[in-house]
Amino acid sequence: FYAFHIMIAITVGMFVAYWRERFIRSDFKAKMEISQIRSERVYRSAKLVVSYRRSDSDAMAGRIRDRLSQSFGDASVFMDIDNIPFGADFRSQIMDALKATDILIAIVGNEWLGTKGGVTRRIDNENDPVRIEVETALRRGIPVVPVLVLGAKMPEPSELPECIREFSFRNAAEVQVGRDFNQHMERLIHSLDRVLDDRTKRSGV
């Protein structure tokens, strides 16, 4: 009698385990299909530029870029646009790179203003590549999304040159390392989706 009940319990357990595994696989497949559909929509021609300061947030910017590429595709995410050939005018190179940009993602760490290792702040230099990227995007009406990393805070308007003071009023996302990284990135990606959808509707695509 007891052996019969044990056999029943084992059978039920195997049945539940089988269908649980099938559910997990189907859920994973559904998420992959949704991600694929998203990347095959208008985003195949989208251009997201990641702006960052190497001395400020190099490693985090790389992680964020990789995660964005998984959702929007490698061809849609650009980084290191200030990697200018020798002899070229980096100001015009940056401006040209931002011509067809849909969103500028500005990674802001604790040294984003560029105070590390110097008396004057790099952001105060009109030839600072990070300043040029943000200024150009704001002037052209390109959506600028600040992403705070490593516990950084948004700069106050009084801390910024007048030409990019508007940047301090942009609603910022927060992406931190550790177990919250994926959750924060999903929230950021969802926000970027909405910005791209809105731009697509406005352009009539």
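The model is predicted, and local features are reported at pLDDT of at least 70 and side-chain atom pairs at pLDDT 80 or more, while totals for chains, interfaces and linings use all residues. Residues are numbered from 1 along each chain as its sequence is written, and side-chain values use heavy atoms, with hydrogens and water left out.

The protein contains five helices and five strands, where helices (H or I, at least four residues) and strands (E, at least two) are DSSP runs numbered from the N terminus. Along the sequence these elements follow the pattern α-β-α-β-α-β-α-β-β-α. Of the 205 residues, 39% count as buried; buried means under 20% relative accessible area, exposed over 50%, and partly exposed in between, with a 1.4 Å probe and protein chains only. Contact is defined by heavy atoms within 4.5 Å. Among contacts between residues at least 6 apart in sequence, 78% join residues at least 24 apart.

Helix 4 is mostly covered, with nine of its eleven residues buried. The buried residues are Pro-129, Val-130, Arg-131, Ile-132, Glu-133, Val-134, Thr-136, Ala-137 and Leu-138. They pack against strand 1 (48-51), helix 3 (90-97), strand 3 and strand 4. Just after helix 4, Gly-141 has a positive phi of about 75°.

Val-108 belongs to strand 3 and is counted as buried because its relative accessibility is 1%. Leaving aside neighbours within four places in sequence, Val-108 touches Asp-56, Val-147, Leu-148, Val-149, Ala-152, Lys-153 and Phe-167. Val-108 and Tyr-52 are separated by 56 residues in sequence, and their C-alpha atoms are 6.9 Å apart.

Phe-167 also takes part in the one aromatic pair of the structure. Its partner is Trp-112, and the two rings are stacked, at 5.1 Å centre to centre with 20° between the planes. Rings of Phe, Tyr and Trp (its six-membered ring) pair if their centres lie within 6.5 Å; planes under 30 degrees apart count as stacked, over 60 as edge-to-face and the rest as tilted. Trp-112 lies in the loop between strand 3 (103-108) and helix 4 (129-139), and Phe-167 in the loop between strand 4 (144-148) and strand 5, so the pair ties together parts that are 55 residues apart in sequence. Trp-112 and Phe-167 are both buried.

Two charged side chains sit over aromatic rings, the criterion being NZ of Lys or CZ of Arg within 6 Å of the ring centre and within 35 degrees of the ring normal. The charged end of Lys-47 is 4.9 Å from the ring centre of Phe-78. Arg-63 lies over the face of Phe-181, at 3.8 Å from the ring centre.

The loop between strand 4 and strand 5 also holds Leu-150 and Glu-156. Leu-150 has a positive phi of about 60° although it is not a glycine, and it is partly exposed, with a relative accessible area of 41%. Glu-156 is likewise partly exposed, at 48%.

On a 1 Å grid over the protein atoms alone, a pocket is an open set of points where a 1.4 Å probe fits, with protein on both sides within 12 Å along at least five of seven lines, and lining residues have an atom within 4 Å of a point. The lining consists of Val-145, Asn-171, Ala-172, Ala-173, Glu-174, His-184, Arg-187, Leu-188, His-190, Ser-191 and Arg-194. The lining divides into four nonpolar, four polar and three charged residues; Ala, Val, Leu, Ile, Met, Phe, Trp, Tyr, Cys and Pro count as nonpolar, Asp, Glu, Lys and Arg as charged, and the others, Gly among them, as polar.
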